[in-house]
Amino acid sequence: MALVINSAYDYYLTTYGSQQTSRYDSHGMEDLRNTVNKIKKLNKESPLYKIRISGDVQKFAIDIKENARSIKNIVASFSEDEAGIGAAFEKKIAISSNPQAATAQYVGDSASLKESEGFELEIMQLASPQTNVGNFVKRDEYDFLPGSYSFDLNMNSNSYEFQYNINVGDTNEEVLQKLARLVNNAHIGLKADILNGSQEMAALRLESNQTGLSDDETYLFRIVPENTHESRQAMQILGIDAVAAMAENSSFLLNGTKHSSYSNTFTINNVFSITLNDVTPTNEPVKIGFKPGAEAVTDDIQSLVDSFNSMIRIAENHSGMPSSNEKLLKDMGNVAKTFSSSLNPIGLSVSDKGMIDVDRAKLTESVVSEDADLNIGVLNRFKDAIGRKADEASLDPMNYVKKVLVTYKNPISDKNLVCPYITSIYSGMMVDRIC
């Protein structure tokens, strides 16, 4: 059984372990109480069964659970406002006409700006870090004498002393690698790496994480060897005290007025967070504004449909395997088919298996037409139906795998007890092997 559990955990970690959690994954006490009550009711009415270990039953159950969680989170994000999906019309979503040059995120108060407001951004120069590049030395030679050395690394707010030893037999490359590790492990806002000049030559490069210089600064960091003949001689060989490129501020025009910034990421009026990515051609400014409300609605629907289709694909991929009883494909497919006649006129076409294809142009047009309220009502009812089905799948993903029925609960008894093992079948993948 340990092998079964390990296999399930390995699959979960490699497939879903790196996913970021959503704020909708956190629940209040009332939410948890409702979930527990649902599980109790489910367990009291569930028959006793055993799971047949065959095929990809563990992977199938995990895929169902995680995709159901994704759908529930999307539905929850639509349900915060009474308007449901229609609330997307009120969203402020920043958009850039040239994301390769600059990207924008709206971080202000939704009531603080009108949707038509925006600005133009022409980027002349990106902010850059300070870079020191040492002398190129032959990798396999022994230019450094064995001994103890040190140098000071002075920054505008702090000063650090670095001490290092060179042992008998240390090649030039080994010395460079030792110094690179020394700087990187110090975590002082510098990164060090080794440049390859040729097959035989290498040099140490130091670069600041910080970019830009204030008016009263002449450097971001400065390297000074210890005042001994040995340390000065070692620094002459290394050459890392030489500045290859000074830090520079970004330079840009904002609605025709020149500005600069220490960093390539900054905020404008506490409303937009801007990240500069590249210089723009002359007289071709980036336009920063807001995405139209109808497009925001279409984006929201697209994310819901993508998550729903993912669940259909899981069901379809497992439909021919011993692990599946095809209930998932039927249940999820029927949700879409039930709404097919209502969804098709507004740009959502449903296939025979329940997959949904989005005609974004048609959908966008439908949510701003004279029948917009009616169409958004259809989308909200569809969203709620998907949410209910995802909630069922999340509570008991093992309901969709093949099982062997042992006994039904007494249908006329009012004393059926909660079976604590039903949910633990998924929680620990504690499944019984049967022949």
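Guide: Residues are numbered from 1 along each chain as its sequence is written, and side-chain values use heavy atoms, with hydrogens and water left out. Because the model is predicted, local features need pLDDT of at least 70 and side-chain atom pairs count only at pLDDT 80 or more, while totals for chains, interfaces and linings use all residues.

Visitor: Which residue joins its side chain to that of Arg-205 in a polar contact of 2.7 Å?

Guide: Arg-205 lies in strand β10, residues 201-211; strands (E, at least two residues) are DSSP runs numbered from the N terminus, as are helices (H or I, at least four residues). Leaving aside neighbours within four places in sequence, its contacts (heavy atoms within 4.5 Å) include Lys-191, Asp-193 and Leu-195. A polar contact is a pair of N or O atoms within 3.5 Å; within protein, one must be able to donate a hydrogen and the other to accept it, and residues adjacent in sequence count only if both atoms are side-chain atoms. The side chain that meets Arg-205 at 2.7 Å is that of Asp-193.

Visitor: Is Asp-170 buried or exposed?

Guide: Asp-170 forms a salt bridge (a side-chain nitrogen of Lys or Arg within 4 Å of a carboxyl oxygen of Asp or Glu) with Lys-178, the closest N and O atoms being 3.1 Å apart. Buried means under 20% relative accessible area, exposed over 50%, and partly exposed in between, with a 1.4 Å probe and protein chains only. Lys-178, at 25%, is therefore partly exposed. Asp-170 has a relative accessibility of 13%, so it counts as buried.

Visitor: How many residues apart are Arg-360 and Asp-299?

Guide: The side chains of Arg-360 and Asp-299 meet in a salt bridge of 2.6 Å, N to O. This pair links distant parts of the chain, from helix α9 (residues 360-366) to helix α6 (residues 293-318), and the separation is 61 residues.

Visitor: Which residue of helix α6 is linked to Lys-353?

Guide: Lys-353 lies in the loop between β18 (348-350) and β19 (356-358), 37 residues from its partner in helix α6. The closest N and O atoms of their salt bridge are 2.8 Å apart, and the partner is Glu-316.

Visitor: Which are the edge strands of the open sheet?

Guide: In the open sheet, 5 strands follow the order β2-β17-β4-β13-β14 with antiparallel pairing; two strands pair if DSSP finds at least two bridges between them. Each edge strand pairs on one side only, and these strands are β2 (94-96) and β14 (257-261).
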